[in-house]
Amino acid sequence: MELITNTLSNLIEQSGFAQLADFKQIIMILVACVLLYLGIVKKYEPLLLVGIGFGMLLTNLPGSGVYHPELWYASGSADVDWGAVLHDGGFLDILYLGVKLGIYPSLIFVGVGAMTDFGPMMANPSSMLLGAAAQLGVYVALLMAVGLGFSGSEAASIAIIGGADGPTAIWLTKTLAPHLLGAIAVAAYSYMALIPLIQPPIMRALTTEKERKVKMEQLRPVSQTEKIVFPIVVTIVCCLVLPSVASLLGCLMLGNLFKECGVTDRLSDTAQNALMNIVTIFLGISVGATATADQFLSLETLEIIVLGLVAFAVATAGGILFGKIMYRVTGGRVNPLIGSAGVSAVPMAARVSQVEGQKWNPSNFLLMHAMGPNVAGVIGSAVAAGFLLAVFG
């Protein structure tokens, strides 16, 4: 009887219930459940939010031992004891290696490239200017973050949320501010999911009814040769200007080359489906694991969420305002609404431009026109991340 009593006592003492004494862990478990609800029920970026939410849940269950933040950024240090990680790390510590080494974001970009058609941007090269203008949110958020007391590397990591590109935000943050990765990833993907709610009020506030009704001409056809040459040229030029962006932008263009060259259909299919799905699972749960109670429940997290919203709003406004300039310069042939698609949330931002345009002119079809600045924004956010890494890395 005593043996049974001792056994039960030991089991109770070793259970997670006995260790669940910190109210912060309880809050984080609830936050994880909220993210799962948003992903599953509301369908907000479910492919990422479900993984991030579950990773957050696992890491905050006491006694699970799946993730050890002290192995990665003890006292905020950027130094990592790789031997200790491999010897003492848990399941999610091992998966997090793919984040820390920049493997997952780059592989995600192979899939993104394989699913992206750069034709609309090549058919209307001026749309690249709209993608560049939308990066205004990154630099405004950078200055604001520095003003709030964040270090340069932390401010750069927060600012890249304005690029509306989750993998790019993760790729930059894992190097510059890994202790903020959980909060930045949650903010980036949450706001990407909320683009249909965030952008329309800004679009309506900054444009006139006449501008919103502008019907744009059909884009010219883009040859197969142009589509093959484009990723090669972009890789050479951008990586010579900013070598730090080679892994991210290079993988994006490699995926696109798989899609367009016509001789690697199997590789393109794998990049779009199997590879993308596998890496998304690993990326989601390992990034969610970084959202531990001590790191996530802080004033910094609240500031990051607010700055992320500002970055998104300013990025949208920057694209629209430049769209208005193009409207004036072209004599009213450019609908400024496509400027909001300059944020790189592909293809959601372009769809928002399409939906908003049709509300004011049912015969208007802006989707392909909006895809130009949309895919330009993907390149723009990657270049912005490379620039910030070169400056603060």
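**Close-up views of the predicted model**

**View 1. The lining of the largest pocket comprises 17 nonpolar, 5 polar and 3 charged residues.** Ala, Val, Leu, Ile, Met, Phe, Trp, Tyr, Cys and Pro are classed as nonpolar, Asp, Glu, Lys and Arg as charged, and the others, Gly among them, as polar. The model is predicted, and local features need a pLDDT of at least 70, side-chain atom pairs count only at pLDDT 80 or more, and totals for chains, interfaces and linings use all residues. Residues are numbered from 1 along each chain as its sequence is written, and side-chain values use heavy atoms, with hydrogens and water left out. The space in the largest pocket is about 790 Å³. Of its 25 lining residues, Glu45, Met115, Met276, Val346 and Pro347 are the closest to the centre. At least two lining residues come from each of α4 (46-60), α8 (103-114), α14 (181-193), α19 (265-289), α22 (348-360) and α23 (367-392); α19 gives the most, with 4 residues. On a 1 Å grid over the protein atoms alone, a pocket is an open set of points with protein on both sides within 12 Å along at least five of seven lines, whereas a cavity is a set where a 1.4 Å probe fits but cannot get out; lining residues have an atom within 4 Å of a point. Grid points are joined across faces, edges and corners, and a volume is the space filled by probe spheres set on the points. Helices are DSSP runs (H or I, at least four residues), as are strands (E, at least two), numbered from the N terminus.

**View 2. The largest cavity has a lining of 4 nonpolar, 6 polar and 1 charged residues.** The structure holds 1 cavity of 30 Å³ or more, and about 50 Å³ of space lies in the largest cavity. Its lining is made by His179, Leu180, Gly182, Ala183, Thr290, Ala291, Gln295, Phe296, Ser298, Glu300 and Thr301. Two or more of these residues come from each of α14, α20 (293-296) and α21 (299-329).

**View 3. Tyr104 lies in helix α8.** Tyr104 has a relative accessible area of 9% and is therefore buried (buried means under 20%, exposed over 50%, partly exposed in between, with a 1.4 Å probe and protein chains only). Beyond its neighbours within four places in sequence, Tyr104 is in contact (heavy atoms within 4.5 Å) with Leu95, Gly98, Val99, Val279, Phe282, Leu283 and Ser286. The Tyr104 side chain reaches the backbone oxygen of Leu95 at 2.8 Å. From Tyr104 to Trp171 the C-alpha distance is 8.4 Å, across 67 residues of sequence.

**View 4. Helix α13 (residues 166-176) has 10 of its 11 residues buried.** Among the buried residues are Trp171, Thr173, Lys174 and Leu176.

**View 5. Lys215 sits in the loop between α16 (209-212) and α17 (224-241).** Lys215 counts as exposed because its relative accessibility is 52%. Not counting residues up to four places away in sequence, Lys215 touches Asn361, Ser363 and Asn364. Val334 is 119 residues from Lys215 in sequence, with 7.9 Å between their C-alpha atoms.

**View 6. Cysteines are shown in a structure with 0 disulfides.** A disulfide is a pair of cysteine sulfur atoms within 2.5 Å. For Cys239, the nearest cysteine sulfur is that of Cys238, 6.7 Å away. For Cys251, the nearest is that of Cys239, at 9.8 Å. Cys239 is buried at 16% relative accessibility, and Cys251 is buried at 18%.

Terms used
A polar contact is a pair of N or O atoms within 3.5 Å; within protein, one must be able to donate a hydrogen and the other to accept it, and residues adjacent in sequence count only if both atoms are side-chain atoms.
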